[in-house]
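Open the structure in your viewer and keep the selection tool ready. We will go stop by stop.

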Amino acid sequence: MEDKTFQRIKELTELQGTSGFEQDIRAYMRKEITPLVDEVQQDGLGGIFGIRQHEEADAPRVMVAAHMDEVGFMVTQITDRGLFKITPLGGWNPYVVSAQRFTLKTMKGDYPCISSSIPPHLLRGTAGQKSLEVTDILFDAGFESREEAEAFGVRPGDTIVPQVETIKTANGKNIISKAWDNRYGCTVVLEALEALKNEKLGHTLIAGANVQEEVGLRGTKGAVNKFKPDLFFAVDCSAADDTVTKNGTFGHLGEGTLMRIYDPGLIMLPRLKEYLLDTAETNNIPYQYFVSKGGTDAGAAHTANEGIPSTVIGVVGRYIHTHQTMFSIADYDAAREMLIQTLRGLDRSTVQTIIEGK
Ligand SMILES: [Zn+2]
C-alpha cells in the first residue's frame, strides 16, 4: 500500500461523524472529489457526489456510493450528576460500549468523554452484572453537575463518537482503526476517481457518499431519486467471521473483495454476478463469496425509482461497529482494483445487457 493511501485511510477513519452529523467527512470528501470530477452536487440530506459527465447526454448513468456516517450515540438527557444518558445511532453490541474513549461534540466545541463501567470491586458480594442494555451505560465527560455541562454548551441532541488512532499491525498486513465501516467506501471512491481521471469512460459516473446509512439506509433513497442512476454500486464494509474457524463462515480477512450473492435486503442479479465474476477473473482480482446477515445501501437503492440493478463491491473487517476494527490491506487493494475494472468495462452495451439480460 502506498503511503498516500495509508495517510488517506488514517485521515478518513480518524474523522468523527455519526448518522446525521457527517459534516466533517462531507467537507473532506468535497475537497478531495472536486478536482477529480466535472461537478459536485449535494442532496437534501447531505449526501455528496461528484459527477463525471459523458459527452452523450443519454449515456448510461452509473452511481457508486459509500456512506460517510459511523455508529455513535446521541445525548438524550443530562443527569443531575452531570453524566449523559444516550440513545445509540446505529447498531452497537452493548458489551463493547463500556470503558472506551469518545469525543462529545457540542455547539461550544469538542470534549473528551468516556463510557462508564463497573469495577470488579463494586461487583463483590453481588450476583454480578445483570444483562446489559446499551441505554443503561452512562457517558462521563467529567462535569460536576448538569449546570456545569450546560455551561460548556452540552445539550440533548449532541453526539458522542469513538475516538481512536489508526495504526498498522506489526506484520504490516493489516490496519487497526475505528469506522472502516464505511470510510473504506469513502477511500475507495476517491482512489477510483483518481485512477480513472484521465480515462474516457463509457458512462456518466456519479461517485460519492451517502448519509445516515447506519440508521436504516436513509440517505440513499433521496440520492438515487436525485441522480437517477441506471446501475448502483454500494461500496461498504461487512463483518468478518474468521477468528475461530473458517469452516462454514463468511468473510475471511485477506481473501479478497466480496462477491456478495445474498443479504436480507438484496439478491445479486444473475447478470450483475456474471459481469462481476468475469471482471474479477479477467483481471486476476482475489474475491470470496459472501452471504451477509446485514444490509447495505444497495438494498435500499434497488427498490427505488423504477428498480435499479444494484450490488456491493465490499470488504470485510473484524470487530466492526466498535472502537477497534482490523482489516486487511490486501483486501482493500483487491476491492479498489475491482471497482476500477468494473467501471472501466461499463459502456452502453454492457449496461444494457445487465439491465435487459440480452
Ligand atoms: Zn455499519
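Which residues does Leu 89 touch, not counting residues up to four places away in sequence? Select Leu 89 and look around. Its contacts are Thr 18, Ser 19, Val 71, Gly 72, Phe 73, Met 74, Thr 159 and Val 215. Keep in mind that this is a predicted model.

**Stop 1: Leu 89**

Stay on Leu 89. This residue lies in strand E5, residues 84-89. Buried means under 20% relative accessible area. Leu 89 has 11% relative accessibility, so it counts as buried. Leu 89 and Gln 212 are 123 residues apart in sequence. In space, their C-alpha atoms are 9.2 Å apart.

**Stop 2**

You are in the loop between E5 and strand E6, which covers 101-106. Check the backbone here: phi of Ala 99 is near 60°, a positive value in a residue other than glycine. Is Ala 99 buried or exposed? Ala 99 counts as exposed, at 54% relative accessibility.

Next, select Lys 105. This residue sits in strand E6. Lys 105 is buried, with a relative accessible area of 15%. Show its neighbours, leaving out residues up to four places away in sequence. Lys 105 touches Gln 16, Asp 24, Asp 110, Asp 158, Thr 159 and Val 161. Thr 159 is also on the contact list of Leu 89. Then pick Arg 155. Lys 105 and Arg 155 are 50 residues apart along the chain, and 9.9 Å separates their C-alpha atoms.

**Stop 3**

Go to Ala 179. It is found in the loop between strand E11 (174-177) and H5. Phi of Ala 179 is near 60°, again a positive value in a residue other than glycine. Ala 179 counts as buried, at 8% relative accessibility.

Step on to Asp 181 and Asn 182. What kind of peptide bond joins Asp 181 and Asn 182? The bond is cis, with omega about 15°. Asn 182 lies in helix H5.

**Stop 4: the zinc ion**

Keep Asp 181 selected and show the zinc ion. Which residues coordinate the zinc ion? They are Asp 181 (OD), Glu 214 (OE), Glu 214 (OE) and His 321 (NE2), with distances of 1.8 to 2.5 Å. The spacing of the donor residues in sequence is D-x32-E-x106-H.

Colour by secondary structure. Asp 181 lies in helix H5, residues 180-195, while Glu 214 is in the loop between strand E12 (204-210) and helix H6 (219-227), so the pair ties together parts that are 33 residues apart in sequence. Both Asp 181 and Glu 214 are buried.

Why is the arrangement around the zinc ion irregular? The 4 donor atoms subtend angles of 55 to 151°. To count as tetrahedral, four donors need all angles between 85 and 135 degrees.

**Stop 5: two histidines**

Select His 203. This residue is in the loop between H5 and E12. His 203 counts as buried, at 1% relative accessibility. Beyond residues up to four places away in sequence, His 203 touches Arg 52, His 54, Ala 59, Pro 60, Val 62, Leu 343 and Leu 346. Now zoom out to include Ala 239. Along the chain, His 203 and Ala 239 are 36 residues apart. Their C-alpha atoms are separated by 32 Å.

Jump to His 252. Look in the loop between strand E14 (237-239) and strand E15 (257-263). His 252 is buried, with a relative accessible area of 10%. Its contacts, not counting residues up to four places away in sequence, are Asp 241, Asp 242, Lys 246, Gln 288, Val 316 and Asp 331.

**Stop 6: helices H7 and H9**

For the last stop, select residues 270-282, helix H7, and residues 329-344, helix H9. At what angle do H7 and H9 pack? The angle is about 115°, and the axes are 10 Å apart. The crossing is right-handed.

Show side chains where the helices meet. From H7 come Tyr 275, Leu 276, Thr 279 and Ala 280. They meet Met 338, Gln 341 and Thr 342 in H9. The residues of this contact divide into 4 nonpolar and 3 polar, with no charged ones.

Notes. Residues are numbered from 1 along each chain as its sequence is written. This is a predicted model: local features need pLDDT of at least 70, side-chain atom pairs count only at pLDDT 80 or more; totals for chains, interfaces and linings use all residues. Side-chain values use heavy atoms; hydrogens and water are left out. Axes are lines fitted to C-alpha atoms, for helices over the stretch in contact, and angles run from 0 to 180 degrees between N-to-C directions. Helices (H or I, at least four residues) and strands (E, at least two) are DSSP runs, numbered from the N terminus. A crossing is left-handed if the near helix is turned anticlockwise from the far one by less than a right angle, and right-handed if clockwise. Contact means heavy atoms within 4.5 Å. Ala, Val, Leu, Ile, Met, Phe, Trp, Tyr, Cys and Pro count as nonpolar, Asp, Glu, Lys and Arg as charged, and the others, Gly among them, as polar. Donors are N, O and S atoms within 2.8 Å of the metal (3.2 Å for Na, K and Ca); water is not among the atoms, so sites may look incomplete. Four donors count as tetrahedral if all angles lie between 85 and 135 degrees; four count as square planar and six as octahedral if opposite donors are over 155 degrees apart and all others between 65 and 115; anything else is irregular. Buried means under 20% relative accessible area, exposed over 50%, partly exposed in between (1.4 Å probe, protein chains only).
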